Amino acid sequence: MRKGLFALAAVGLLATGSMAACGDDKGSDTGSNGGSGTKAGKVGVILPDTKSSARWETADTKYLTEAFKAAGVEVEIKNAQNDKAAFQTIADGMIQEGVKVLMIVNLDAGTGKNVLDNAKKAGIATIDYDRLTPDGGANYYVSFDNVQVGKLQGQGLVDCLTAAKADKPFVAELNGSPTDNNATLFKQGYDSVLQPKYDSGEYQKGPDDSVPEWDNAKGGTIFEQQLTKQPKIAGVLAANDGLGNAAIEVLKKNKLNGKVPVTGQDATVQGLQNILAGDQCMTVYKAIKKEANAAAELAVALAKGQKPTTATGTTKDPKSGADVPSVLLTPEAITKANVKAVIDDGYVTKAELCTAAFAAACTAAGIS
């Protein structure tokens, strides 16, 4: 097992009380008391969509539901499906319902700030989950070190271009949504690795575009335009696995897949399969279960009227300049050499990854 995957101590949650749980396409609800004779308040969670990344549905919803159930605290988890009006409506409903804690993954800074401001006026504790809301004023922030995520992507692409013995390669950058502060941090990270290469002339800077709302279809169109503009693209810094796959599909049409290294992020099944096939250079694994557990532990303390003790770090709000108390977890680079580590960590199962088309590649990667 890779050291980086397990360097973080598992986030403990008190399993108290009994509880009922149910989930449907409208959200997940669990409920009971907070233990120790104290009635815990309800927690509301708003996730952003299911389109930009599979993780929101397959990982975050699952792990958050499990964590709150284990803690015996009632939670309502809803997904805004990339609809700002729906995001606002869901938030208004939770605020009117009287949740004690509101945890959000914003769709953009404006919508997120409005929701956080309304929650604050109602005396509700707030947590930015995964994405910081610039100037949002959330009480706490739980995420990964997102600049480090970008650095891993940048170094991963450098390693793959070095292995390919690329000579002054043109590098295209396919960035995440310009409204997502995380995308800004990822780019800050990978540009810190790539810019010195551009400056020295070792690499040539190719097209550099952001993809609105992390839309994979738009990402494919944008990359097709990038490749038309610069047919000699030899490496693609794609900000996540979805955008990476969009670029790979375009490369396949041009018989360039496997020849042009492509990065990713999120360690999705699709991304890992692309790595096994040799079409994707690397991805970044973020142990979502640890992130969900950390966020739940924070929310549980707030729901019980306690002062959280786990947010020992701080994150500088890029707009207000405020230091937001934070829990920041450590990401891990994944290549073909250590794909097995993601399975060992329980994030992806062998059955999901090693379908018939990838059985031989799985065996070659030591997945048995």
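How many disulfides does this protein come to? Let's go through it. One caution: this is a predicted model.

A disulfide is a covalent bond between the sulfur atoms of two cysteines.

Now the count. With sulfur atoms required to lie within 2.5 Å, the count comes to 2 disulfides.

Start with Cys160 and Cys281. Their sulfurs sit 1.9 Å apart. Where are these two cysteines? Cys160 is in helix H5, which covers residues 146–163. Cys281 is in the loop between helix H9 (269–277) and strand S11 (283–285). So this pair ties together parts that are 121 residues apart in sequence.

What about handedness? The torsion about the S-S bond of Cys160 and Cys281 is about 85°, so this disulfide is right-handed.

Is Cys281 buried or exposed? Its relative accessibility is 10%. Buried means under 20%, so Cys281 counts as buried.

Next, Cys354 and Cys362. A disulfide joins them too, with an S to S distance of 2.1 Å. Here the torsion about the S-S bond is about -95°, so the disulfide of Cys354 and Cys362 is left-handed.

Look at burial again. Cys354 has 16% relative accessibility and counts as buried. Cys362 is buried as well, with a relative accessible area of 1%.

Last point: the pairing pattern. Number the bonded cysteines in sequence order, and the pairing reads 1-2, 3-4.

To recap: 2 disulfides. Cys160 to Cys281 is right-handed. Cys354 to Cys362 is left-handed. Thanks, everyone.

Terms used. Residues are numbered from 1 along each chain as its sequence is written. This is a predicted model: local features need pLDDT of at least 70, side-chain atom pairs count only at pLDDT 80 or more; totals for chains, interfaces and linings use all residues. Side-chain values use heavy atoms; hydrogens and water are left out. Helices (H or I, at least four residues) and strands (E, at least two) are DSSP runs, numbered from the N terminus. Buried means under 20% relative accessible area, exposed over 50%, partly exposed in between (1.4 Å probe, protein chains only).
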